[in-house]
Amino acid sequence: MSSNQAKRIRRSLNGLDLYALLEEVKGAVEGSWVQKIYGKEGRWEIALQGRSICLDLNGWIYVGKCTAQRPEMPSSFCSFLRKHLVGKVESLEQRDRDRAIRLSVRGKKLVVELFRKGNIILTDENGGVQGSLRKVAYKVYPWEYEIANIFEIDKTMENKNKNLIKTLAVDYGLGGLYAEELCLRSRIDKNSSSLAEGGKERLAHEFEGLLRELRSAETKKPVIVFKGEEAIDVVPIEMEIYRDFKIESFGSFNEAVTQYLSLTLPKTAPPATQAEERILSMQRAKLKALEEEAKKLRSLCEWIYANYQEAEEMGEVELDGYKVELDRSKSLEGNISSLYETAKSKEEKAEKIKKAMASTRKKIEKKEVKSELWKPSKRWWFEKFRWTLTSEGLLVIGGRDARSNDALVKKHLKDEDVYAHADIKGAPSVVLKEGFSASDESRREACHFALIFSKAWKTQRPARAYWVYSDQVSKTPPSGEFLPRGAFMISGKRNYVEDLELSADIGWIEYKGEKRLICSPPGVLKEYVRIEPDEERKRKDLVKGLSKRFGAHSDVVDSVLPGGGRVVEK
């Protein structure tokens with residue numbers, strides 16, 4: 001391997017690496033039930049029974065314990081996948097040695113693309129696209145894909161006018177590393193523009209041997225390759241190309257990939273602006289090149305005018321190392337005109353790049369602002385529910401859905417607590433901790449909280465709420481009746497609270513030494529923004545405005561809101 005290539009650190013798996021890895025992990029994945037899905041942007045985790053499929057859409061996959069932190073709140077696409085990808089993994093397959101894999105789960109197919117920016121696409125059993133992380137143009141996923149036959153490589157080289165290494169790397173999907181390895185094993189010059197007699201057969205023989213080695217557990221010898229003390233590559237087999245390098249062997253390629261990523265991936269997440277910074281750097285370089293070339297072309301034109309007679313006898317003109325060949329079929333004036341037009345074209349391109357750079361800078365500024373927005377550094381157990389504090393500092397906890405209503409009451413409603421509920425269908429169960437000895441005001445606030453997060457907010461219909469003691473709440477229905485998930489039987493007297501307004505306050509509190517943004521009934525917070533329901537206003541607009549107002553991340557704001565609405569008081 002050339003010294004330049006050897007310095008490169010592997011940034012992603014290629015199709016043959018994926019081929020080797022899937023042969024290893026298929027048995028552990030197929031037949032396992034999908035437990036849950038986590039992820040956002042480039043890092044995803046498909047949690048199975050006892051293990052996970054860990055995905056980095058920049059080009060990595062392994063099976064085991066994922067190192068990426070699970071997001072506190074699922075994104076909309078993550079929630080979509082959780083809803084639709086339920087059941088046992090029936091098959092795990094690769095698209096003909098390409099960097100695309102597909103999981104089949106109870107009539108659904110999840111396609112993961114590990115090339116370019118990466119993508120995740122959910123389809124039905126016929127390939128019809130039902131949803132995707134990044135927008136796609138097609139309605140049916142183009143899964144069928146076939147790489148050219150190795151026995152036709154001579155025709156491919158001739159038709160595409162490429163040498164051997166480029167043909168293997170691009171047209172046969174081997175990538176640079178395996179293309180070079182195959183050339184070494186076949187003892188054929190990688191820069192050959194045609195194959196000598198027997199060359200095609202040697203290539204085919206070595207290629208089939210390479211594939212057998214990649215899929216066989218007995219012949220596979222996964223290693224991490226080091227240059228000095230730095231890990232630069234991970235491969236499923238020992239390779240000729242790395243025979244002079246220090247290597248570390250592993251029992252499986254999956255294990256080797258996991259260890260390699262722990263050595264090479266940054267310990268902290270890359271800046272949100274990393275991609276834009278790279279684009280901006282490329283734009284600067286392109287702008288500089290265009291401006292310099294335009295300037296040199298204009299200088300050449302001026303030189304030609306100043307040395308007209310001499311230039312008429314010349315086939316090319318050179319000035320300060322910049323050389324231009326003149327078109328002898330044109331007059332000198334025609335050549336000058338063409339050079340000026342070329343200079344003008346480059347200057348116009350430079351102006352377009354300046355505008356593009358301004359747009360990139362705006363994106364960077366926007367992401368920098370967003371990355372600086374507040375998010376909690378840790379989470380308490382009750383933050384998986386809705387929660388607030390009363391005016392005397394007592395904790396109020398509410399369910400988010402039927403499942404969490406069940407969990408809240410069964411696990412966290414104690415003898416010293418009280419239970420609150422809005423007198424309307426579609427309301428959360430609410431627990432006021434230490435509510436047995438709480439003031440009437442705290443109990444009223446707990447009832448108000450239950451109303452705010454009920455369907456009354458969406459319908460904008462006033463309703464009352466009530467509270468009861470914990471021993472009045474039961475999951476046992478009367479004989480012959482059935483209680484659905486999230487519902488409870490209430491016995492005895494209900495203590496109703498009337499005249500509860502449909503409005504809520506958003507603001508900061510400090511609890512247990514930590515800063516939090518909460519939604520509370522009016523009268524609890526000293527500094528707040530008051531909101532009320534408004535079916536004409538979209539929730540996302542309210543989130544955007546409050547995020548800017550409080551300097552908090554939009555995910556944080558979205559998680560505390562009861563629904564869409566408008567600001568009525570600041």
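In this predicted model, D17, A20, L21, E24 and V25 of helix α2 meet F253, N254 and V257 of helix α8, where contact means heavy atoms within 4.5 Å. The residues of this contact divide into five nonpolar, one polar and two charged; Ala, Val, Leu, Ile, Met, Phe, Trp, Tyr, Cys and Pro count as nonpolar, Asp, Glu, Lys and Arg as charged, and the others, Gly among them, as polar. Helices (H or I, at least four residues) and strands (E, at least two) are DSSP runs, numbered from the N terminus.

Local features need pLDDT of at least 70, and side-chain atom pairs count only at pLDDT 80 or more, while totals for chains, interfaces and linings use all residues. Residues are numbered from 1 along each chain as its sequence is written, and side-chain values use heavy atoms, with hydrogens and water left out.

The table lists two helix pairs; axes are lines fitted to C-alpha atoms, for helices over the stretch in contact, and angles run from 0 to 180 degrees between N-to-C directions.

| Helix pair | Angle | Axes |
|---|---|---|
| α2 (15–29) and α8 (253–264) | about 120° | 9 Å apart |
| α2 and α7 (199–215) | roughly 40° | within 8 Å |

In the contact of α2 with α7, L16, Y19, A20 and E23 of α2 meet L210, L211, L214 and R215 of α7, and its residues divide into six nonpolar, no polar and two charged.

Three strands form an open sheet in the order β12-β11-β13, with antiparallel pairing; two strands pair if DSSP finds at least two bridges between them. The edge strands, β12 (230–235) and β13 (246–249), each pair on one side only. Helix α8 packs on the sheet, touching β11 and β12.
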